[in-house]
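My notes follow the structure.

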Amino acid sequence: MQTLTITSPDDWHLHFRDGDMLKETVPATARCFKRAIVMPNLVPPVVNAQMATEYKQRIMEAVPAGAEFEPLMTLYLTNQTTRQDIKDARAAGVTACKLYPAGATTNSDAAVEGIDALFPVFEEIMQQNMLLLVHGEVTEAEIDIFDREKAFIDKYLQKIVSTFTDLRVVFEHITTKDAVDFVVASSDNVAATITPQHLLLNRNDLLVGGIRPHNYCLPVLKRNTHQQALRNIVASGSPKFFLGTDSAPHEQHKKENACGCAGCYSAWSAIELYAHVFEELGALDKLEGFASHYGPDFYGLPRNTSTLTLIKQEWQIPTSITPPSGEPIVPFFAGETVSWKLQQS
C-alpha cells in the first residue's frame, strides 16, 4: 500500500494555548483536522459562556485563509460552577465541560476539589445533552503517580457513570489497562481518547538513560504492559476509543528545566504518528474508524464529508519548531522517522 485515503479526521482533545501561540497551534491542527475539542485550561481558565465565545473568536482569527476548521469549545469546571453556567454555555454553543481534579495538569490549580460536590452540575450537563470530559487522575500526594488513574476510576469515575447513566463521559488520554477495561465494561455512554505518545512510548522512554523531559506528559507514561493494552484496543477497532492527541505546546526552556512542565506537542505530525502506529500493529484498516468516525459518532455530530490522503513515505520529524513567539519548541518524537506523510493539496 502506497497511499491511504480516509475521511477527514478530528482531534477530540488538544491544547491551543492563547495569544501568539495560536498562530502556531491553530494552523498546525487545521492542516489535517476539521474539528477539535479545545481544552479550557488557560490563565485564567475558560469558566463561562462569554469567555468560551471570546476564546473561540481568537482561535478563528488564527485559522489560515481557505482552511475549513471548527473549534469545539469546552467549559472548565470549578467548585464555583453553577447549573446556570451550564445552561448559558449550552445556549452559547459550548460542546462539553471539562473536569480537572485540582493540580492534575498544567494550569489546573483552579480546578475541582471534592468532586462529589459537583454532582448537581453533572446532572445539569446531562440534562443539557452536553458531554463530560474527564482528566482521570487523583491528586492526593500519598497516591503513587503511576497509580493515580486507577485510583480515580475506583474512587470517582465508577460512581459518576453509575449515578448519571445518561451522561456521555469521555475518559480522556487514558494510559492504563485498567482504563481500557473500565471503558469496555461500561455502557455505550462511556468512551475514551488515546494519544500518540501513550501508544508509541512507555515509561522506559521517559526514564532510561536519563530523564527525557520532552516525553514528560500528564498522565505520565506507564509501564509497557499498559502501553500494549492501549495498542491492542485500538487495533481491535472498538468504537469506544478514538483520536485525541492532547497536543500541548511548551517552549523548550520550560521543558528543559529544574521543574519542567508536562505536555507533548504533536500537532504537526499527529495523523502521521497515528498512521505509523496502526501500520506497526498491522491495523491500517482500523485507522479511519479511530481517527474519523468514532469521535463524531459518540459526540452526536456528523462525520466529515471530505477526505485526507497519506502517502507511504519516510520522513523525519523536526528537532525544533520556532513559532511566531520566537521561543523554540521541541515537538513530540523529534528527530524520529515516521513512515507516512500527509499529501499536500
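I am working from a predicted model.

**Aromatic pairs.** I looked up the ring pairs, counted with ring centres within 6.5 Å. The count comes to 13 aromatic pairs. I then took up Phe119 and Phe122. I checked where the two residues lie: Phe119 and Phe122 both belong to helix 4 (residues 119-127) and are three residues apart, about one turn of the helix. Are they buried or exposed? Both Phe119 and Phe122 are buried.

**Cluster.** I also looked for groups of rings. One aromatic cluster is formed by Trp12, Phe242, Phe298 and Tyr299.

**Charges over rings.** I noted two cases. Arg203 has its charged end over the ring of Phe146, 4.7 Å from the ring centre. Lys341 has its charged end over the ring of Trp315, at 3.9 Å from the centre.

**Helix 6 and helix 9.** Two packed helices are described by the angle and the distance between their axes. I looked up both values for helix 6 (residues 177-185) and helix 9 (residues 224-236): the axes come within 8 Å and cross at roughly 35°. Which residues make the contact? From helix 6 I listed Lys177, Asp178, Val180 and Val184, and from helix 9 His226, Ala229, Leu230 and Ile233. By type, the residues of this contact are five nonpolar, one polar and two charged.

Conventions:
Residues are numbered from 1 along each chain as its sequence is written. This is a predicted model: local features need pLDDT of at least 70, side-chain atom pairs count only at pLDDT 80 or more; totals for chains, interfaces and linings use all residues. Side-chain values use heavy atoms; hydrogens and water are left out. Rings of Phe, Tyr and Trp (its six-membered ring) pair if their centres lie within 6.5 Å; planes under 30 degrees apart count as stacked, over 60 as edge-to-face and the rest as tilted. Helices (H or I, at least four residues) and strands (E, at least two) are DSSP runs, numbered from the N terminus. Buried means under 20% relative accessible area, exposed over 50%, partly exposed in between (1.4 Å probe, protein chains only). A charge sits over a ring if NZ of Lys or CZ of Arg is within 6 Å of the ring centre and within 35 degrees of the ring normal. Axes are lines fitted to C-alpha atoms, for helices over the stretch in contact, and angles run from 0 to 180 degrees between N-to-C directions. Contact means heavy atoms within 4.5 Å. Ala, Val, Leu, Ile, Met, Phe, Trp, Tyr, Cys and Pro count as nonpolar, Asp, Glu, Lys and Arg as charged, and the others, Gly among them, as polar.
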